[in-house]
Amino acid sequence: MAKGVRGQRNFSSSSSAWTIILMLMLAFSLSLLLFMALRPSSSSASIALAHGALVSLRLPAISVSQHATRSNVDKESPKKPWVEVISWEPRAFIYHSFLSKEECEYLISLGKPHMVKSAVIDSKTGKSKDSRVRTSSGTFLRRGQDKIIRAIEKRISDFTFIPEEHGEGLQILHYEVGQKYEPHYDYFLDQFNARNGGQRIATVLMYLSDVEAGGETVFPKANMNNSLSLNQNGLSECGKTGLAVKPRLGDALLFWSMKPDATLDSKSLHGGCAVISGNKWSATKWFHVNEIEL
Ligand SMILES: O=C(O)CCC(=O)C(=O)O
């Protein structure tokens, strides 16, 4: 009898131990689920499809926290990066809010003291020459020249899937009112410049300032039927001659000079329209097919 009572007590104490264990396991699972839901992950971005439809996707290395120089100002109102496909002929994409305001200001501050009149490449000699086709001023930064540049160059490579070693140093450009760059190709038409790194394959053009009027990047040969909707309101006459991208501080335009079958894309013809009002600052990264030896 006494045995039986003792057995009952043992049974009820072991069942309450099981209840506690089950409660603990339940609490642990709930905290795990909560942690998974709230943990910081790569940033969510959107791709604008034709006719303005938006789909979300995850971009691997572009989370806002990875922007090296995001400061308190930006933390207060961070703009969400998103990618827009603007054309398939040529293949062109805008990565909105690619650079922070501070990064844009930093790039301008590095370039400003060293600006010289921009030149173009002479297709007969492969050498730089002064030209009325290009009236901006510019300067080259060294690839990987400091921590901030390295962070930006890494971000560009993450966006383009082209290794940093295939890129030239960034070129900072400044256009004042009336200054422009007539339509041209970024791929080489000479034998000389492709010797180091091969042909140019793609360009990333980052806008470091807004421009009040004019200054659009225009693709006069873009297949407009195949180009996805862009707001073409408020463009200059030059901007209306093709597919135009209005410079917006922090946005990056990626376009390909070569098609997926490795032939040159004549539809990548592009130019910088004359600035009508304000100033235009930009930074260009040219990528080659192979690694460039510095
Ligand atoms: O400034 C622009 O919008 C175009 C610049 C450009 O064509 C270039 O740097 O190759």
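Ala283 lies in strand 18, residues 280-288. Helices (H or I, at least four residues) and strands (E, at least two) are DSSP runs, numbered from the N terminus. The model is predicted: local features need pLDDT of at least 70, side-chain atom pairs count only at pLDDT 80 or more, and totals for chains, interfaces and linings use all residues. Residues are numbered from 1 along each chain as its sequence is written.

Ala283 is buried, with 26 other C-beta atoms within 10 Å. A residue is buried if 20 or more other C-beta atoms, placed from the backbone, lie within 10 Å of its own. Leaving aside neighbours within four places in sequence, the contacts of Ala283 are Leu107, Leu170, Gln171, Ile172, Met206 and Leu208. Contact requires C-beta atoms, placed from the backbone, within 7 Å. Leu170 is 113 residues from Ala283 along the chain, yet their C-alpha atoms are separated by 6.2 Å.

The ligand is surrounded by Leu173, Tyr181, Asp186, Leu205, Thr217, His270, Gly272, Ser282 and Thr284. Each such residue has its C-beta atom, placed from the backbone, within 6 Å of the molecule. Strand 16 (270-272) and strand 18 each give two or more residues to this shell.

Helix 4 (residues 147-160) has 14 residues. Its buried residues are Ile149, Ile152, Glu153, Arg155, Ile156, Phe159 and Thr160. Seen down the axis of helix 4, these fall within an arc of 155°, so they line one face of the helix. The arc is that of the directions from the helix axis to the C-beta atoms. The buried residues of helix 4 pack against several elements, including helix 3 (101-111) and strand 18. Phe161 follows helix 4, with a positive phi near 65°.

Conventions. A residue is buried if 20 or more other C-beta atoms lie within 10 Å of its own, exposed if 12 or fewer, and partly exposed in between; C-beta atoms are placed from the backbone. Two residues are in contact if their C-beta atoms, placed from the backbone, lie within 7 Å. The expected span of a helix is 1.5 Å times one less than its number of residues.
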